[in-house]
Amino acid sequence: MIVVHHLENSRSQRLIWLLEELGTAYVIRHYERDKETSLAPKELLDVHPLGTSQIITYGDLVVAESGA
């Protein structure tokens, strides 16, 4: 199953819109930014070293950025 890694205040909504339009099954993992630095939490850095959002995972495949 596709997992959308959603960081609050990010552009990952684009991925959700696309998956909804395609009728594709997915789950969302929510991440909150650090209140002082606005940076991504360690849990998201474990998924992708840049800690950016717009990341989907599908098994071992990790795709970052909606342009990809």
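What follows is a short chat about the sheet, the helix and the cores.

Reply: This is a predicted model, where local features need pLDDT of at least 70, side-chain atom pairs count only at pLDDT 80 or more, and totals for chains, interfaces and linings use all residues. Residues are numbered from 1 along each chain as its sequence is written, and side-chain values use heavy atoms, with hydrogens and water left out.

Me: What order do the strands of the sheet have?

Reply: The order is E2-E1-E3-E4, in an open sheet of four strands with mixed pairing. Strands, like helices, are DSSP runs numbered from the N terminus (E, at least two residues; helices are H or I, at least four). Two strands pair if DSSP finds at least two bridges between them.

Me: Which strands stand at the edges?

Reply: E2 (26-31) and E4 do; each has a single partner strand, so one side of each is left without a neighbour in the sheet.

Me: How many bridges join E1 to E2, and do they run parallel or antiparallel?

Reply: Six bridges, and the two strands run parallel. Val 3 stands opposite Val 27 in E2. E1 (residues 2-7) also pairs with E3, in the antiparallel sense over four bridges, and there Ile 2 has Tyr 58 as its bridge partner.

Me: What's in the hairpin of E3 and E4?

Reply: Two residues lie between the strands, and Gly 59 takes a positive phi near 65°.

Me: Switching topic: which residues make up the largest nonpolar core?

Reply: Ile 2, Val 4, Leu 15, Ile 16, Leu 19 and Tyr 26. A nonpolar core is a set of buried Ala, Val, Leu, Ile, Met, Phe, Trp, Tyr and Cys residues joined through side-chain atoms within 4.5 Å.

Me: Which element gives the most to it?

Reply: H1 does, with three residues. A second, separate core of five residues includes Leu 7, Tyr 31, Ala 40 and Leu 44.

Me: Last one: is Asn 9 buried or exposed?

Reply: Asn 9 is exposed, with a relative accessible area of 69%. Its place is in the loop between E1 and helix H1 (13-22).

Definitions and conventions. Buried means under 20% relative accessible area, exposed over 50%, partly exposed in between (1.4 Å probe, protein chains only).
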